[in-house]
Amino acid sequence: MKVAFTSDNIAGASESVFQAIIEASQGDAMPYGNDESTALVTHKLSELFECEVEVFLVSTGTAANVLSISALTPPWGSVLCHKESHLLQDENTAPEFYAGGARFVGIEGENAKIDPEWLKKAVTQKIGDVHSCQPAAVSISQVTEVGSVYSLEEIRAVTSVAKEAGLPVHMDGARFANALVSLGCTPAQMTWKAGVDIVSFGATKNGTMASEAIVVFKQPLEEKGLSFDRVVKELAFRRKRGGHLHSKMRLLSAQMIAYLTDDLWLTNASHANAMMAHLQEGLKSIPGVKINTPAQANMLFCTLPLPMIDHLHSEGFAFYGGRWEEGVVRLVTSFRTPKEGVDAFIHAAKSFAERTV
Ligand SMILES: *Cc1c(COP(=O)(O)O)cnc(C)c1O
């Protein structure tokens, strides 16, 4: 059996999500989010996060990220994110475009996690100097771009530097559920209770068709003396200006409701993570295979011998890499990855290694 580990966005959407779209398509509803399902999404997310939130649904993760950030920084500000972050590496110039030319600055740190010491340097330099761009916001990715997960302590280490500097913190949660399942904590603990002000609550990679939620938390923003109402108002206008105020919002809302119903989001992420744990365990024992960053969720970077990569590709297994950096490949599991597919991949790699060593 062949299987693809290209990305978690190669999987379609969960059945109940599509069923919900079909049901939501019946009859009429008010447009632009003035409908009952959209109100229910906000209600459900405020229950889930155990606090007052405002929610803005958009249809891509890039839009969720760059809109969130644009409401946090003036055009003369800088946004501190990891140098390997999706914002810096995978969103073209959408960040600068949406943030009106604000500067995105890459911070160092192991395993694609921001090093709080580096961050401290970046947020304390040339403050008030009109010649220098001024730190305005911090963004972290949870799961990170290399498949690691910030512990709650690591999140707090970053957010406390931000708080001391009075800066809001955004979390790119394109794989929010995978990180949450990995840590085994509550959504509140991983976000506002750890000092995060705004989250891109990703769902598309984990079961929706195209629905991502920007979630804004009132309490941490106000603790920093930042206005929740201002951020919310800006987001409303910026989403429209940015072309993400869907007229048939209820179809996005229906997806999000189905995603959150009966713990589908957690079930899906648990499956993806379990498949990755199984894959990683299998690969570890194969001669010539090196784990670059231990996978803590559903994504793994490892190094394989080039002939093994060619062999696996020729056997029909799909995944990125091999030629970016010699032998480095990225393997991603999804809510749909079949266990037999993982077994087949391990078997193919192992038998190739045994034949060639
Ligand atoms: C996939 C992903 C996104 C969102 O990407 P879109 O393709 O715009 O949906 C954002 N951040 C990270 C870390 C991602 O992996």
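Strand 8 (residues 290–293) and strand 9 run antiparallel and are joined by 3 bridges. Here, helices (H or I, at least four residues) and strands (E, at least two) are DSSP runs, numbered from the N terminus, and two strands pair if DSSP finds at least two bridges between them. This is a predicted model, in which local features need pLDDT of at least 70 and side-chain atom pairs count only at pLDDT 80 or more, while totals for chains, interfaces and linings use all residues. Residues are numbered from 1 along each chain as its sequence is written, and side-chain values use heavy atoms, with hydrogens and water left out.

A hairpin of 5 residues links strand 8 to strand 9. To find the pairing on screen, look for lysine 290, whose bridge partner in strand 9 is threonine 303. Strand 9 also pairs with strand 11 (residues 328–332), again in the antiparallel sense, over 5 bridges; there, leucine 300 has leucine 331 as its bridge partner.

How many residues of strand 9 are buried? The count is 5 of the 5 in residues 299–303, so this strand is largely enclosed by the rest of the structure. Buried means under 20% relative accessible area, exposed means over 50%, and partly exposed is in between (1.4 Å probe, protein chains only). Both faces of strand 9 are covered, with Met299, Phe301 and Thr303 buried on one side and Leu300 and Cys302 buried on the other.

Elsewhere, 7 strands make an open sheet with mixed pairing, in the order 1-7-6-5-4-2-3. Strand 1 (53–58) and strand 3 (103–107) stand at the edges with a single partner strand each, so one side of each has no neighbour in the sheet. On average, neighbouring strands of this sheet are turned by 20° against each other, direction ignored.

Strand 1 pairs with strand 7 (residues 212–217) in the antiparallel sense over 6 bridges, and valine 53 stands opposite phenylalanine 217 in strand 7. Helix 11 (residues 228–241) packs on the sheet, touching strand 1, strand 6 (198–201) and strand 7, and its direction makes about 15° with that of strand 1. Contact means heavy atoms within 4.5 Å; axes are lines fitted to C-alpha atoms, for helices over the stretch in contact, and angles run from 0 to 180 degrees between N-to-C directions. Helix 12 (residues 249–260) lies across strand 1, strand 6 and strand 7, running at about 115° to strand 1.

## Around the ligand

Which residues surround the ligand? They are Thr60, Gly61, Thr62, Asn65, His86, Glu91, Glu145, Asp172, Ala174, Arg175 and Lys205 (each with a heavy atom within 4 Å of it).

The side chain of threonine 62 places an N or O atom 2.6 Å from an oxygen atom of the ligand. For aspartate 172, a side-chain N or O atom is 2.6 Å from a nitrogen atom of the ligand, and a polar side-chain atom of arginine 175 lies 3.0 Å from a ligand oxygen atom. Taken alone the ligand exposes 380 Å², of which the protein buries 79%; these areas come from the Shrake-Rupley method with a 1.4 Å probe.

## Backbone details in the loops

A cis peptide bond joins glutamine 142 and valine 143, with omega about 0°. Valine 143 is in the loop between strand 4 (134–141) and helix 7 (152–164).

Tyrosine 32, a residue other than glycine, has a positive phi near 55°. Its loop runs between helix 1 (15–24) and helix 2 (36–49), and tyrosine 32 is partly exposed, with a relative accessible area of 39%. Asparagine 111 is not a glycine either, and its phi is positive at about 50°. Asparagine 111 is found in the loop between strand 3 and helix 6 (116–124).

Key. Polar contact = N/O pair within 3.5 Å; in protein donor to acceptor, adjacent residues only side chain to side chain.
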